Amino acid sequence: MGILGLSKLIADAAPHAIKESEIKSYFGRKVAIDASMSLYQFLIAVRSEGQQLVSADGETTSHLMGTFYRTIRLMENGIKPVFVFDGKPPQLKSSELEKRAERREEAQKELDKATEAGDATLMEKFNRRLVKVEKKHTNECKELLKLMGVPYVEAPCEAEAQCAVLVRAGKVFASATEDMDALTFGTSVLLRHLTFSEARKMPIQEFHLDKVLEGLGMNQAEFIDLCILLGCDYCPSIRGIGPKRAIELLQKHRTIENLLEKLDKSKYQIPEEWGYQEARKLFLNPEVADPNTLEVFNQLFERNISAGTLKKKNYEDLVLKGSIIHC
């Protein structure tokens, strides 16, 4: 989910924090890419087109095809990608994961009904809701990246947090993900639409955290509290407080604690055992790997692997015939 409504809020309140660019603008840049988000995007796109790419023995290869061709496209434009994979989810996210599982169960029931009724439109709708990036998808993509000579990092926890710390350490220029909480974790530059901008004819959105904070009139700690109020993966929000009201309250009271002291409890119901403080701690001090100990940067970023060479590889032997799937 990321942060509910944050991109629109920034566009309205701090439009100067966003600029639109073409992929060629990032020639020579190192970029940390949220791998799970990238895989999810492609699995969704393939489902929406009514296709399912499979190997000769029937194994799904949609995620591999997407990873291969997207990576080639990035490298053709001079971008040096490092893919970052999620580790174990934080305990605070368990409630959100349970809700997602429940939504998938409901979607499966609705899909069964639509299939029985022969309603193609509803079948496509609920099929999309069942898309999930599984462990086998990530393992197969890691193997593909190894064969391509493209670096990747296994985050101990959230990929967005690991991307953010890589940016802050100067290892990469930006985090590339659709999840806005990369800004909450402190990435100084966030790129949205990087991995599908050309296919969808969309410009890349480049968010700059310093300009976001300037436009909102907040520091990073206050911005984190705003994101918690908007709605994040780690705790519920206060029902009835939307983006406009949330920013007004934070600009006035500066912290959630001060806000709660003045909040009209008869009008706004605070969630029972609201874990906003734990969520705040997670955003401020997430579990991440030390960027300076990641050998992948020294070993792989300096290798000059041309996209042209990669294209000449027999990709059908690697993917379409299932050799990656079974290695």
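These notebook entries record what I looked up in a predicted model of one protein chain.

**Entry 1. The chain overall**

I began with the secondary structure and found 16 helices and 7 strands in the protein chain. I then looked up burial: of the 327 residues, 51% count as buried. For the surface, I noted that the chain exposes about 16200 Å², of which carbon and sulfur atoms supply 48%. Among contacts between residues at least 6 apart in sequence, 72% join residues at least 24 apart.

**Entry 2. The nonpolar cores**

I next asked which residues have the most contacts inside the largest nonpolar core. They are Leu6, Ile10, Phe223, Leu226, Ile228 and Trp274, in a core of 45 residues. Several helices each supply at least two residues of this core, including helix 1 (6–13), helix 7 (159–168), helix 9 (209–216) and helix 13 (276–284). The largest share, 7 residues, comes from helix 10. Apart from this core I recorded another, of 27 residues, with Leu39, Leu64, Met75 and Ile204 among them. As background, I noted that nonpolar side chains tend to be buried together in soluble globular proteins.

I listed the contacts of Phe223, leaving aside neighbours within four places in sequence. Phe223 is in contact with Leu6, Leu183, Thr184, Leu209, Val212, Leu213, Leu216 and Met218.

I then turned to Ile224, which lies in helix 10. Is Ile224 buried or exposed? Ile224 counts as buried because its relative accessibility is 1%, and the cut-off for buried is under 20%. Not counting residues up to four places away in sequence, Ile224 touches Thr184, Arg280, Phe283 and Leu284. I noted the separation from Leu284 in particular: Ile224 and Leu284 are 60 residues apart in sequence and 8.2 Å apart in space, C-alpha to C-alpha.

**Entry 3. Helix 3 against helix 6**

I examined how helix 3 (residues 62–76) packs with helix 6 (residues 135–148). Their angle is about 35° and their axes are 10 Å apart. The crossing of helix 3 and helix 6 is right-handed. From helix 3, the contact is made by His63, Leu64, Thr67, Phe68, Thr71 and Ile72. Helix 6 contributes His137, Glu140, Cys141, Leu144, Leu145 and Met148. Sorted by class, the contact has 7 nonpolar, 4 polar and 1 charged residues.

**Entry 4. Glu178 and His193**

I looked for Glu178 and found it in the loop between strand 5 (174–176) and helix 8 (181–184). Glu178 counts as buried because its relative accessibility is 14%. Beyond residues up to four places away in sequence, Glu178 touches Met37, Gln41, Arg192, His193 and Phe196.

His193 lies in the loop between strand 6 (189–192) and strand 7 (204–208). At 11% relative accessibility, His193 counts as buried. I also recorded its backbone: His193 has a positive phi of about 75° although it is not a glycine.

**Entry 5. Glu273**

Where does Glu273 lie? I found Glu273 in the loop between helix 12 and helix 13. Glu273 has a positive phi of about 50° and is not a glycine. I record Glu273 as exposed because its relative accessible area is 76%, and exposed requires over 50%.

How values were computed. Residues numbered from 1 in each chain as written. Predicted model: local features only at pLDDT ≥ 70, side-chain atom pairs only at ≥ 80, totals over all residues. Heavy atoms only, no water. Axes fitted to C-alpha atoms, helices over the stretch in contact; angles between N-to-C directions. Helix = DSSP H or I, 4+ residues; strand = E, 2+ residues; numbered from the N terminus. Left-handed = near helix turned anticlockwise from the far one by under 90°. Contact = heavy atoms within 4.5 Å. Nonpolar A, V, L, I, M, F, W, Y, C, P; charged D, E, K, R; others polar. Buried < 20%, exposed > 50% of the residue type's maximum accessible area, 1.4 Å probe, protein only. Core = buried A, V, L, I, M, F, W, Y, C linked by side-chain atoms within 4.5 Å. Areas by Shrake-Rupley, 256 points an atom, 1.4 Å probe, with all protein chains shown as cover.
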